[in-house]
Amino acid sequence: MAKILIIDDDPDIVEAMKVVLQTRDYKVISAASGEEGLKKVKADKPDLVILDIMMEKDDSGFDVARELKNNPSSKDIPILMLTAIKEKTGLDFKKEAGDEVWLPVDDYVEKPMKPEELLSKVEKLLQTG
Amino acid sequence: MPGFQKENGLIERVYWLIRLRWLALAGVISAILSTKLIAGIQLPFRALYFIVLALAIYNLLFYLYLKLARKRLFSDSGVIVTRVTNIQISMDLVFLAGLIHFSGGIENPFIFYFIFHMIITSTLLSRRESFIQATFAVFLFMLIVWLEYAGFLEHHCLRGFVLDDLHANRIYIFGVSFVFISTLYLAAYMASSISIRLKDREKSLKEANLLLEEKDRIKSEYVLRVSHDIKEHLAAVQSCVEPVARGITGALNNAQKDLLDRAVERTNKLLFFVKALLEITRIKLSKDISMEYFSLKKTVDSAIALVEEKARVKGMEIALRMDPGVDMIYGAEIYIEETIANLLANAVKYTSENGKISLDIKDRQETLLIQISDTGMGIPRDEISKLFNEFYRATNAKKTVREGTGLGLAIARQVVERHKGKIWVESEEGRGSTFSISLPK
């Protein structure tokens, strides 16, 4: 069964997502920081990463996503980002010059995520990824 | 000081000076004509007309210069504008002295018109400059009087207006000069005193305003922080409760499901409110929102798609009419989409079943006009002005629909103002409302 890595520093959210994802028999592992997340991607080779934007810093998730997509060994792992669309495109984050895909994630879902929405997005990303 | 004057629109006041000069020209012409035609006094009219013509040309050239140099003057710290104003006022004094010389010199009561230049100088420039201009005016006046008295310049007597030729009457010269000089300096002193006081007050008001803005910013930051933290916790609560309520963790009995559904529903409402609060605070605090060209057509379609279902349930359709040619506009796409969707959702919410809702997009050369109309309950006339205030909800809206944050229209206003546009509403209670947004293209 597919392996999913959740990178989020909120243990309650992680636990809730685990419960939802495990109903579909996904194997779920988690990391509580960007740094730990990057290590676990290397070590555990997940099929999908669920990534929170705001961790140590307000945009830690962006850095993690960029790093994953810039690395040949992890660039094909789909990323589902936990964020509101406003936070994604609105005020706080600007396009960076030369960034063709400025937000290198495959899909996003706003917190709190509806269980059905989370499951359907995960399923879709795993199929295409 | 120059910077301060510039902020207060010194350039605009230079334009005011130009307009005043046209007015003065008209006054001079009518004074000359009435001297000639009504009073029948003989004066060197050709010389007077020549001065009038020169003044008109000078004013026109000056107007053109200002138009061409406007951009440079705006970026200037105020030094050039101040110098230009000084030169202008000095030129005006010379023109007035010329007119006075050809129309009676010291006999002409219009010599007291120099006082207006003193007042203007005091309002536009510093006290020191006012005194310098007053001294220049006194110099010009004394020069004419002396030159005419000594016979170096021909005196043109206002015969018929004065009984006797006065330009050589020493006592008259002394008396009038004394009154004239003291009047000029007193006028310069008083007008600049008033102007200094006004400027000081303006400055302290501005400072008070800045302080208020700073306090408001601190308050907004506080709200942002608090609502952000609340949202984090709420999101965690909802993430944990919802799977249980949906039966993902196992079957529930009816009472369990009912109570959990209620908890989920209330959490949702609270989340909605906190998110709206976060959003308006974020817009307020942001210096600029990122904008780009986007297709308004597409945006309008997706805004309609967001509310279509709710409208359909109430037996309503949203009639879209869009001027041909409306397409790309410059702005923040998601905010415009949300604003339109928000106004449409309000229209659906406050219109009874089978009412009519329309969305019109009109092309108005410089701007785009977006209008959302409904046949709903309308807004009481005396509440319209408060409608876009934060947390305000119209009394009839509150009665009919209990839920509502009172933030939707405040957010809409922030968004529209960030686009340098306008938002307003026309409404008649019981008949319906039309919300209009005008956006620069």
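I worked from a predicted model, in which local features need pLDDT of at least 70, side-chain atom pairs count only at pLDDT 80 or more, and totals for chains, interfaces and linings use all residues. Residues are numbered from 1 along each chain as its sequence is written, and side-chain values use heavy atoms, without hydrogens and water.

**Interface**

I first looked up the contact (heavy atoms within 4.5 Å), which takes 27 residues from chain B and 24 residues from chain A. I then noted the buried area (accessible area, 1.4 Å probe, that two parts lose on being put together, summed over both): about 2,200 Å², with carbon and sulfur atoms giving 60%. Ile248(B), Arg282(B) and Ile334(B) supply 25% of the area that chain B buries against chain A, more than any other three residues.

I found three salt bridges between the chains (a side-chain nitrogen of Lys or Arg within 4 Å of a carboxyl oxygen of Asp or Glu). Glu242(B) and Lys114(A) meet in a salt bridge at 3.1 Å, N to O.

**Cores**

I next looked up the nonpolar cores (buried Ala, Val, Leu, Ile, Met, Phe, Trp, Tyr and Cys residues joined through side-chain atoms within 4.5 Å), where buried means under 20% relative accessible area (1.4 Å probe, protein chains only). The largest has 51 residues, and Leu359(B) is among those with the most contacts inside it. Beyond four places in sequence, Leu359(B) is in contact with residues including Val300(B), Ile340(B) and Ile370(B). I recorded a second, separate core of 22 residues, which includes Ala2(A) and Leu118(A).

Definitions and conventions
Chains lettered and ligands numbered in written order. Buried < 20%, exposed > 50% of the residue type's maximum accessible area, 1.4 Å probe, protein only.
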